[in-house]
Amino acid sequence: MNRATLPGPVVSAGRSVIRGYGMSTAALRPGPDFLLIGAKRGGSTSLYYTLLEHPRVMPLFPNARLLPKDNHTKGVHYFDSHYTKGSAWYRSHFPASARRSGKVVGEGSPYYLFHPLAAERAGRDVPEARILLVLRDPIERAFSHYRERRRQDAEELATFEEALEAEAGRLEGEEERIAAEPGYISYAHEQQSYRAQGEYAPHLRRWMEHFPAERIHVLAAEDFYADPQTAIDGVARFLGLEPAPLPPSAIKVWNAAPSQDLAPETRRRLAEHYAPFNADLEALLDRTFPWQY
């Protein structure tokens with residue numbers, strides 16, 4: 001089926017029917033075996049779709065091969081943006097238990113790491129889930145995040161430096177409002193937090209308050225891209241699966257942004273800003289990361 005040839009109302013109606021069926025059978029649909037919680041522009045899309053190449057990792061419901069869409073659904077954004085839709089809506093995205101024997105399924109919503117309520121919500125609702133996290137050099141992540149917004153005509157400020165200067169004002173009071181108003185969605189908090197989302201340690205520590213360390217697996221994006229097979233083997237073992245060889249077609253970088261140079265002075269200032277956060281992250285996990293400033 002080619003989605004491009006179908007009228008919009010047909011696609012919308014089809015989605016409603018499928019979601020309605022999923023919700024009506026939600027009691028038969030266990031929640032996620034794993035959550036891929038971020039980081040945004042950190043390699044989570046590449047990791048998720050590569051992981052789906054493992055024979056015992058299932059996609060979300062409905063399978064993309066049954067629909068006019070190019071790729072499987074990656075993330076549900078339940079614990080950040082759609083929590084008010086309820087657990088039946090969330091479980092409607094997962095395969096029924098009868099189809100999951102010996103297999104695992106999960107979703108990847110990269111805003112979960114940074115969202116102030118996602119960890120608490122997930123810890124309460126899916127406490128047995130395993131937590132995956134892929135982290136990229138925070139300087140490169142921040143710049144990539146900005147370029148993505150510009151590429152999609154969603155960022156009005158013409159330079160990265162202007163966006164960094166505006167960030168504190170844009171984010172002022174947003175985290176507090178998210179916490180105070182159920183259902184409030186902050187575009188600025190999710191999409192204009194270029195510098196803040198790379199301050200990984202405090203965000204991860206929030207998740208560690210709700211999930212024990214042995215249920216959290218952290219990868220460096222640079223290591224994953226350098227050796228996808230070894231990285232996916234490690235994830236498979238973490239999920240209780242035997243490693244399996246990846247097909248050559250599985251090695252693909254998703255959501256790549258055009259290469260651009262970052263001003264040396266901007267890089268220097270960001271390196272100074274992130275240095276204590278990186279040191280905190282390494283102490284928290286008792287390991288080093290590939291990015292060194």
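Here are some notes on the fold, the sheet and the salt bridges of this predicted model.

1. Ground rules. The model is predicted, so local features need pLDDT of at least 70 and side-chain atom pairs count only at pLDDT 80 or more, while totals for chains, interfaces and linings use all residues. Residues are numbered from 1 along each chain as its sequence is written, and side-chain values use heavy atoms, with hydrogens and water left out.

2. The overall picture. The protein has 12 helices and five strands; these are DSSP runs numbered from the N terminus, with helices being H or I of at least four residues and strands E of at least two. Of its 293 residues, 51% count as buried, where buried means under 20% relative accessible area, exposed means over 50% and partly exposed lies in between (1.4 Å probe, protein chains only). The accessible surface comes to about 13900 Å², and 52% of that belongs to carbon and sulfur atoms; the areas are Shrake-Rupley values with a 1.4 Å probe, and for residues only the protein chains shown count as cover. As for contacts (heavy atoms within 4.5 Å), take those with a separation of 6 or more: 78% of them are between residues 24 or more positions apart.

3. The sheet. Five strands make an open, parallel sheet in the order β2-β3-β1-β4-β5; two strands pair if DSSP finds at least two bridges between them. The edges are β2 (57-58) and β5 (216-220), each pairing on one side only.

4. Around β3. Two bridges join β2 to β3 in the parallel sense, with V57 partnered by V104. On to β1: this strand pairs with β3 over three bridges, also parallel, and F34 stands opposite G106. In a regular strand the side chains alternate between the two faces of the sheet. In β3 both faces are covered, with V104, G106 and G108 on one side and V105 and E107 on the other, all buried. That makes five buried residues out of five for β3.

5. The β5 end. Helix α11 (residues 228-238) lies across both β4 and β5, at about 175° to β5; axes here are lines fitted to C-alpha atoms, for helices over the stretch in contact, and angles run from 0 to 180 degrees between N-to-C directions.

6. Salt bridges across the chain. The whole structure has 13 of them, each meaning a side-chain nitrogen of Lys or Arg within 4 Å of a carboxyl oxygen of Asp or Glu. D33 and R100 make one at 3.2 Å, N to O. These two are 67 residues apart, D33 sitting in the loop between α1 (8-24) and β1 (34-36) and R100 in the loop between α3 (87-91) and β3 (104-108). D33 counts as partly exposed because its relative accessibility is 28%, whereas R100, at 7%, counts as buried.

7. The other pairs worth a look. E155 and R170 meet at 2.8 Å, N to O; E155 is in the loop between α5 (138-151) and α6 (160-171), and R170 is in α6, 15 residues apart. Both E155 and R170 are buried. R268 and E272 meet at 2.6 Å, N to O. They are four residues apart in helix α12 (residues 264-285), so about one helical turn separates them. R268 has 38% relative accessibility and therefore counts as partly exposed.
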